[in-house]
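Reader: I am new to this structure. Can you show me how to read its features, one at a time?

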Amino acid sequence: MAKTQKAQLNVRVDEGTALAARERAMARGMSVNRYIEELVRQDTGEAGRTFVEAAADFMQQYEKVFAEEVGERRR
């Protein structure tokens, strides 16, 4: 996996927001940095595009397996 450059971003939020971010990150088993990074990616649509690309790749790789297992059905 290629490494990407990281940039440091400092933000100020109120205590309630900081506490909520820490609690939600902890509940997901990730750092606050990673949690915030994922929120921004979701907001910019990157997560959705990544999911669709991965699903398309999966279907392409396993198309023959599905066809053999389920059979090709035509309408």
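Author: Start with exposure. A residue is called buried under 20% relative accessible area, exposed over 50%, and partly exposed in between. This is a predicted model. Take Lys6: its relative accessible area is 63%, so Lys6 is exposed.

Reader: Which residue forms a salt bridge with Lys6?

Author: First the general idea. A salt bridge needs a side-chain nitrogen of Lys or Arg within 4 Å of a carboxyl oxygen of Asp or Glu. Here the partner of Lys6 is Glu37, with the closest N and O atoms 3.6 Å apart. The pair links distant parts of the chain. Glu37 sits in helix H2, Lys6 in the segment before H1, and 31 residues separate them.

Reader: Is Glu37 buried, exposed or partly exposed?

Author: Apply the cut-offs again. Glu37 has a relative accessible area of 25%, so Glu37 is partly exposed.

Reader: How many salt bridges does the structure hold?

Author: There are four. One joins the side chains of Arg34 and Glu37, at 3.8 Å from N to O. Another joins Glu38 to Arg34, and there the closest N and O atoms are 3.1 Å apart.

Reader: Why are Arg34 and Glu37 separated by about one helical turn?

Author: Because they are three residues apart in helix H2. Glu38 and Arg34 are also about one helical turn apart, because four residues separate them in helix H2. Arg34 has 35% relative accessibility, so Arg34 counts as partly exposed. Glu38, at 26%, counts as partly exposed too.

Reader: Which residues are linked in the network of salt bridges?

Author: Lys6, Arg34, Glu37, Glu38 and Arg41.

Reader: Now the pocket. Which residues lie nearest the centre of the largest pocket?

Author: The largest pocket holds about 860 Å³ of space. Its lining has 24 residues, and Leu9, Val32, Asn33, Ile36 and Glu37 lie nearest the centre. Helix H1 (15-27) and helix H2 (32-43) are the elements that give two or more residues to this lining. H2 gives the largest share, seven residues. By class, the lining has 10 nonpolar, six polar and eight charged residues.

Conventions
Residues numbered from 1 in each chain as written. Predicted model: local features only at pLDDT ≥ 70, side-chain atom pairs only at ≥ 80, totals over all residues. Heavy atoms only, no water. 1 Å grid on protein atoms, 1.4 Å probe; cavity = no way out; pocket = protein on both sides within 12 Å on 5 of 7 lines; lining within 4 Å. Points joined across faces, edges and corners; volume = space filled by probe spheres on them. Nonpolar A, V, L, I, M, F, W, Y, C, P; charged D, E, K, R; others polar. Buried < 20%, exposed > 50% of the residue type's maximum accessible area, 1.4 Å probe, protein only.
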